There are 2 protein chains.
Amino acid sequence: MRAVILVSGGLDSATVLALARSRGLECHTLSLDYGQRHRAELAAAAHVSSALGAVAHRVVTLDYGQFGGSALTDIATAVPETRAAGIPVTYVPARNTVMLAIALGWAEVLEAREIHIGVNAVDYSGYPDCRPAFIAAFQNLANLATKAAVEGGTLAIQAPLIAWSKGEIILEGLRHGVDFAQTVSCYQADDSGRACGRCDACHFRREGFRAAGVPDPTRYQATPGTSGLA
Amino acid sequence: MRAVILVSGGLDSATVLALARSRGLECHTLSLDYGQRHRAELAAAAHVSSALGAVAHRVVTLDYGQFGGSALTDIATAVPETRAAGIPVTYVPARNTVMLAIALGWAEVLEAREIHIGVNAVDYSGYPDCRPAFIAAFQNLANLATKAAVEGGTLAIQAPLIAWSKGEIILEGLRHGVDFAQTVSCYQADDSGRACGRCDACHFRREGFRAAGVPDPTRYQATPGTSGLA
């Protein structure tokens, strides 16, 4: 059976792809170039797709930065390095809605019956579009939106990591052959994929490896004043 | 109050914009360049936005053609000139889902409370994403997907034309100042916006002017063997 897997280049979506492959699915991976400042993420998405046996990987480019509104696309807004209450400025407006919508279009052309996304509602930044109710609402929409739906087909949105801790995700990923050294989570990774060690994404990733009790393969930038392990 | 209006360059969305302006809304118009073969549509979207008083018009480019699956993005698939049963090849997979998702992102940045779309479920081609249930499902999704939703705001998806005939849309548009000569409906319009007179979109448009009992300002291509009024 065919599935479209959203692959960002990060730790979570690599695990999602490995899990889908372990079920024997024919995996078509999709990444979105929405002008994110951490470009190394896209290179990681390609590496991970190939290493884990996706049959095809596509990158869709969307000029999302013109709207502003996020530290991830707006160079003038700094990525925060301390944690604050509420939804952080790294939130990208409607990003998961846009990514799932594009995946839906491709799934329809491929006649795929599943779309997989690595959202997680445990060790995450509080983004609204990572919650179970959001995923359920998108699945409901998908089953009204397409030609396949009109003709009686159904499409499932799979979010297998949604209730797992980051440590559990890492252990499952390792069990299914993910090489996490290939993945990039950092919001301000440099061009070679080395992490800042200070942003939210680095925080959750590092804590995940600590909780899993396995070595952290992340390559950190050698910024003066931080070891990346603070 | 601010609203994001999806404007394609066609007759329906021009009427939607005119109706929104008549309610005094501050209108931000959005068009999607998804590789459609009828490029004149995008020029029409800009003209219509300006003529009807939108405060801003943005075009988002999305490389949708790489997926194939539609006569509107795939030059190798001919636009049909006879009507057949079922959903036609001019259907673009998940297009309205993608357009609404992108509009949702911009609405969130603008703090707009409404998104307007010119879908119509009467004189249309049977596309699944033009039905009332689809619009309701997207509104449900939107109210789970965004930062504004988490913070208690609500967003309405307005589809004012959904139950109107094409003739009614034309009469309402004229009443609110739309110059339909500026609009392009044809799926294979030439670069100057002249219509083929034979595709589904031309069929519904011409029948609409006939039903409304008003002159059809459409400029047709002078193709040998058709007057464009057959």
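1. Two strands pair if DSSP finds at least two bridges between them. Helices (H or I, at least four residues) and strands (E, at least two) are DSSP runs, numbered from the N terminus. By these terms, strand 2 (residues 26-33) of chain A pairs with strand 3 of chain A in the parallel sense, over six bridges. Within strand 3 of chain A, R58(A) is the bridge partner of L30(A).

2. The model is predicted: local features need pLDDT of at least 70 and side-chain atom pairs count only at pLDDT 80 or more, while totals for chains, interfaces and linings use all residues. Residues are numbered from 1 along each chain as its sequence is written, and chains are lettered from A and ligands numbered from 1 in the order in which they are written.

3. The sheet of chain A is open and has five strands in the order 3-2-1-4-5, with parallel pairing. Its edge strands, strand 3 (56-61) and strand 5 (156-158) of chain A, each pair on one side only. The twist from one strand to the next averages 25 degrees.

4. Two helices of chain A deserve attention here. Helix 1 (residues 11-22) of chain A packs on the sheet, where it touches strand 1 (2-6), strand 2 and strand 4 (114-116) of chain A, and its direction makes about 165 degrees with that of strand 1 of chain A. Helix 2 (residues 40-51) of chain A also packs on the sheet, touching strand 2 and strand 3 of chain A; its direction makes about 175 degrees with that of strand 2 of chain A. Axes are lines fitted to C-alpha atoms, for helices over the stretch in contact, and angles run from 0 to 180 degrees between N-to-C directions.

5. In chain B, five strands form an open sheet in the order 3-2-1-4-5, again with parallel pairing. Strand 3 and strand 5 (156-158) of chain B have a single partner strand each, so one side of each is left without a neighbour in the sheet. Strand 4 (residues 114-116) of chain B pairs with strand 5 of chain B in the parallel sense over three bridges, and E114(B) stands opposite A156(B) in strand 5 of chain B.

6. The interface comes next. In total, 37 residues of chain B are in contact with 37 residues of chain A; contact requires that the C-beta atoms, placed from the backbone, lie within 7 Å. Helix 3 of chain B gives the largest share of the side of chain B that touches chain A, nine residues. The residues of this side of chain B divide into 24 nonpolar, eight polar and five charged. Here Ala, Val, Leu, Ile, Met, Phe, Trp, Tyr, Cys and Pro count as nonpolar, Asp, Glu, Lys and Arg as charged, and the others, Gly among them, as polar.

7. Helix 4 (residues 132-145) of chain A and helix 4 of chain B pack at an angle of about 160 degrees, with their axes 9 Å apart. These two helices are therefore roughly antiparallel to each other (angles under 35 degrees count as roughly parallel, over 145 as roughly antiparallel, 65 to 115 as roughly perpendicular and the rest as oblique). By class, their contact has 14 nonpolar, two polar and no charged residues.

8. Chain B can be laid on chain A with an RMSD of 0.0 Å by a turn of 180 degrees and a shift of 0.0 Å along the axis, which is the relation of a two-fold axis. Copies are superposed by least squares on the C-alpha atoms of residues with pLDDT of at least 70 in both. The same surface serves both copies, as 100% of the contact residues of chain B recur in chain A.
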